[in-house]
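Let's take a friendly walk through one meeting place between two parts of a protein chain. Have the sequence and the 3D view ready as you read.

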Amino acid sequence: MLRLPAFRYFSARNLGEAVRMLMDLGPEATILAGGTDLLPKMKRRQIRCKALVDIRLLKEISGLRRTGENGGEVHIGSGVPLAEAASHPLLEEWDAVRQAAAQVATPSIRNAATLGGNLCQDTRCIFVDRSEEWRAALGFCLKSGDGAVCHAAPGADRCRAVFSGDIAPALMAAAARVRLCGGEGTRLLPIEELYRDDGRVGLTRKHGEILTEVLLDRRSCRESVYLKLRRRDCFDFALLGVAIGLLRDQAGTVLQARIALGGVSPVPFLAWEASRTLLGNPLTPESVAEAASICARLAKPISNADASPSYRKRMAAVLVARGLEELLRKPS
Amino acid sequence: MDAFSKAVGRALYADDLRLPGMLYGKILRSPHPHARILSLDTRQAESLPGVRAVVTGRGLPVPYGILPVSQDETALAMEKVRYVGEPVAAVAADTEETAGRALQLIRAEYDPLPPVLSLEEAIRGKGEPVHAKGNLHKAVSLKFGDANPPEEPEYTREDAFFYEGNTHLPLEEHSALALWKKGRLVLYSSTQTPFHLRKILAKVFGLPEDAVRVIAPKVGGGFGGKLDPFAHDLCASKLARDAGRPVKITLTREEVFYCHRGRHPAWMNIRTSWKKTGELLEMRFRSCLDGGAYGSFGVVCTYYQGGLQPTTYRIPSYTVESARYFTNKPPCGPKRGHGTPQPRFALEAHLDKVAEELGLGPVELRLKNLAPPDSTTVNRLRVTSSGLRECVEKAAEASGFRDKFRKLPYGRGIGFALGSYLCGAAVPIYWNEDPHSRVRIRLDAKGGITVFSGATDIGQGSDTVVVWAVAEILGVPPEKIRLVAADTDRTPFDLGTYSSRVTYMAGNAAREAAENLLEKVYRRTGGRRMPFEKAARIAVEKEGALESWGSYKPPLKPANFKGSGVGPSPAYSFCACAAQVQCDPRTGRVRVERITFAHDIGRAIHRPSVEGQIEGAVHMALGEAFLEEQTFHPSGLHRGPGILDYKFLSSLEMPEVKLILIESKDPGGPFGAKEVGQGPLLPVIPAVANAIYDALGIRMDKTPFTPENILLALERKSCGRIPRVGPEGFPDIPFPEPTHIPASLPGETVPC
Ligand SMILES: Cc1cc2nc3c(=O)[nH]c(=O)nc-3n(C[C@H](O)[C@H](O)[C@H](O)COP(=O)(O)OP(=O)(O)OC[C@H]3O[C@@H](n4cnc5c(N)ncnc54)[C@H](O)[C@@H]3O)c2cc1C
Ligand code: SF4
């Protein structure tokens, strides 16, 4: 068995204390939530941190609640375990979010894993999610150490390790916002803005900032669906994640559309070009096909996951079409 | 026997064991697939506080190997490293952490050589070969039966196949704990073969065998991956001697992938000739194995490529050519089914194509050519009991095969295939005349019954079989019987857990020991009728205890040609499998809806264990069919040496398995029983390939059947090309002239 390296462990009792601990300890300290992403990477010496600040006891990040007019807003604490998110009654109308949470990893991991950890998980690449000996034998790359090459795309000067989290695309399709709380106060931002297009450090989160909650608003999205491509029906990370959120009027006219793709680039992203083609009309086989083929064009995976890039690209069209067909079958 | 203790976590595996003063060992492994070792400087590691012993190749120079003909490994690489992950040095320290740090302090200098990473490269043979004698490890060429087909063939077909390599993936990572007591070595190891390991340890340490004691605690799965002696066994022993303290080495999951000894990648070619009416006239089977860096069981595997085709089908004229090449990858060896799943896949998929072209049903074609019971095959194997015909008929009927075949809607399909396996190799690895299994039973003063068996339960349930056999004969409940197993000091000799031999051989030995005990007991009670427990108390009154022995030796002498030792068995299991699949032509994903499986078990001694073995084999087979690949990066690195990256079947992809047990009551098996540990893996893979053809009209002539390859074949189909994915032809290999073994050999006896 691989063992964890030595580290100092701090358990914060409240949000303020957690932020203070992180600020005091400096950049060598990292947030520990469920640990299901962080600890395996520490064991493989991919992430080196000297101190962990455990946020699992924070009341401020637990549970779900409803607010807003007619209760149209749902706040999900970032400490909510995925098993809970997958079946929580307050998320009943948020199909994509529930479906995404339910398809993460395995049942035992979903019991420990949190929503915040899922959104803040590290990017992945088959050339870095390996033991230290393996990486050293191959030679370190842009992300895995002090190397200057990329093994997945030799010649590339930028790391394109993939963000493979399932829930982020689902939240993007639902136009969710996230709240971050740090030394300089709180900020609320659209979930897209949490991410940046850099495989090495994919988050815009500043040191000391804790993602405290996710906000969903019924006014931006009424129907949604999440589809995941992977080798097996459990355990595996997404080779491609497709989330679609729609707002349609009674006649079925699409008022808002958001198609988000995950697992094919360093950031989960909204395929605006494809989403736009759906606006102003009811869904038709033609518009579905068009949106699907645009998505396949926008998905630009490289050879750093366990299926070929061409297959994943091709599947973007299939999954987007399937997702839209599924929504089309449901009454709006 | 031990389900409860395992379920609640009370069972002790090698890594659970701790001894006072115990040190932790770790192994330094090669980062290069092929390189000369220029220097190895361990001084810094040795001087690290907490480090108690360091060993390099020079400290363990004696070569060994599981087969007498392949003594080509040393515990630690000597001059050259031959695969990424090959052990080069080992340390023992007070803590795991210190041992890990010490490894980082070892300075190893290498001169990298161009690696040989594929069969093609090995055959081409440019650059320095993997071993001095060249990359070709073994080439076999045999011709059996009629020199020419008995009649003029009316139809001939040739196909090429590729079977990807894969590994065992036992849940328990290998672990070894060594200590020395008064010049004697004691090793606890997760091994399938304690007695073979004892032999190798004795050889390497220059000790008589009885100065070595090997104990297999609970073993968490083996599937053939814990058969070979390993570097960690030898290093733990050596470090323990040098440090004067017990040393334990437990592998990481990644290291288990480097130990490997799993399924050989195989490039195969099969050509058969037929009468139009579906009678098989001749077969030529060619196979080329990618063996990895060392011999392991490879020679046996090479012979097995052609070994068991004739136990299911009558083949009048049969030619086998098979070869094994060395490459710079972890050594391949025996995995469930040994060298037979690859050829079985090729054969059964080929038959499906033949049946279609001859206009016969796949079941009908097979039924026409079945090898009969009580017969001798063309390659001189003696088949005794056979429920094969019944297996075929029952599986076809229960799956509704005839109603569904070629009639299901596009995307859904059904396929059929057969299998057969040995019930223990009739020839031991080290040739001698001794029994293959012995069992001792002791009846003590209070009537307690203790069974001593050297058979090793690796999770397959052999402890249950041994105890149940004794319980059945004595007429006492199994719970009343204690078992001492797999300890070379305390239990009698047993060859170990491989070749599906334990139920048949240790089971027979247990049965005989119990019968002998029964006789002794009733002799002492004057033959009066009474329950065993009462008789036992009377019987031991005088001497205080009673003992009895049983043993088993296959009643067979192999035919006298080179290679005839591979394949003979006192009996064969048989099976038939129908697989029903649903394919998604847009994503290329295949869901197996249902497996219908008929297995000739001879007799089920413990039905839940039999069913568990079949379901487990189906699970493993589907993993090999769809997902599993032990493949390598051009750098020679394993692509995904981890349990998340190496894709095995999850429980969610497991289909419903409909089981039919056929009890043909083998005359030589204990209570008529035969094997079930390996055979059921065989037909599943080709049955699935045949089902995919029925569903989509594409031939998957290469494992694993990935979504990408399914889409590729569909694309080829839609643009009018041959709708298949697989290799073409067969490589050019310098096979020797075939040795001809005619239908009967002069002076040969094949006793039953
Ligand atoms: C075998 C396996 C399979 C997996 N499969 C999937 C999968 O299919 N899909 C998927 O999405 N994920 C998968 N994961 C990854 C991981 O389990 C999940 O993403 C999980 O949700 C992470 O949550 P956690 O609470 O365990 O995060 P942790 O491991 O505790 O944290 C992950 C990262 O986020 C940071 N972090 C955690 N909480 C916060 C917060 N509130 N604010 C700011 N930063 C924070 C941590 O510092 C750390 O860097 C898998 C993991 C494993 C081991
Ligand atoms: S994408 Fe390239 S640089 Fe980034 S982690 Fe993978 S191999 Fe390294």
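Between domain 1 of chain B and domain 3 of chain B, 6 residue pairs are in polar contact, both residues at pLDDT 80 or more; a polar contact is a pair of N or O atoms within 3.5 Å, where one must be able to donate a hydrogen and the other to accept it, and residues adjacent in sequence count only if both atoms are side-chain atoms. On the side of domain 1 that touches domain 3, α5 (194-205) and β11 (212-215) of chain B each supply at least two residues. Helices (H or I, at least four residues) and strands (E, at least two) are DSSP runs, numbered from the N terminus.

This is a predicted model, in which local features need pLDDT of at least 70, side-chain atom pairs count only at pLDDT 80 or more, and totals for chains, interfaces and linings use all residues. Residues are numbered from 1 along each chain as its sequence is written, chains are lettered from A and ligands numbered from 1 in the order in which they are written, and side-chain values use heavy atoms, leaving out hydrogens and water.

Where are the two domains? An automatic or database assignment places domain 1 of chain B at 3-113 + 173-219 + 226-258 and domain 3 at 437-552. Their C-alpha centres lie 35 Å apart. In contact (heavy atoms within 4.5 Å) are 17 residues of domain 1 and 19 residues of domain 3.

Now look for charges: the interface holds 4 salt bridges, each a side-chain nitrogen of Lys or Arg within 4 Å of a carboxyl oxygen of Asp or Glu. Arg213(B) forms a salt bridge with Asp487(B), with the closest N and O atoms 2.6 Å apart.
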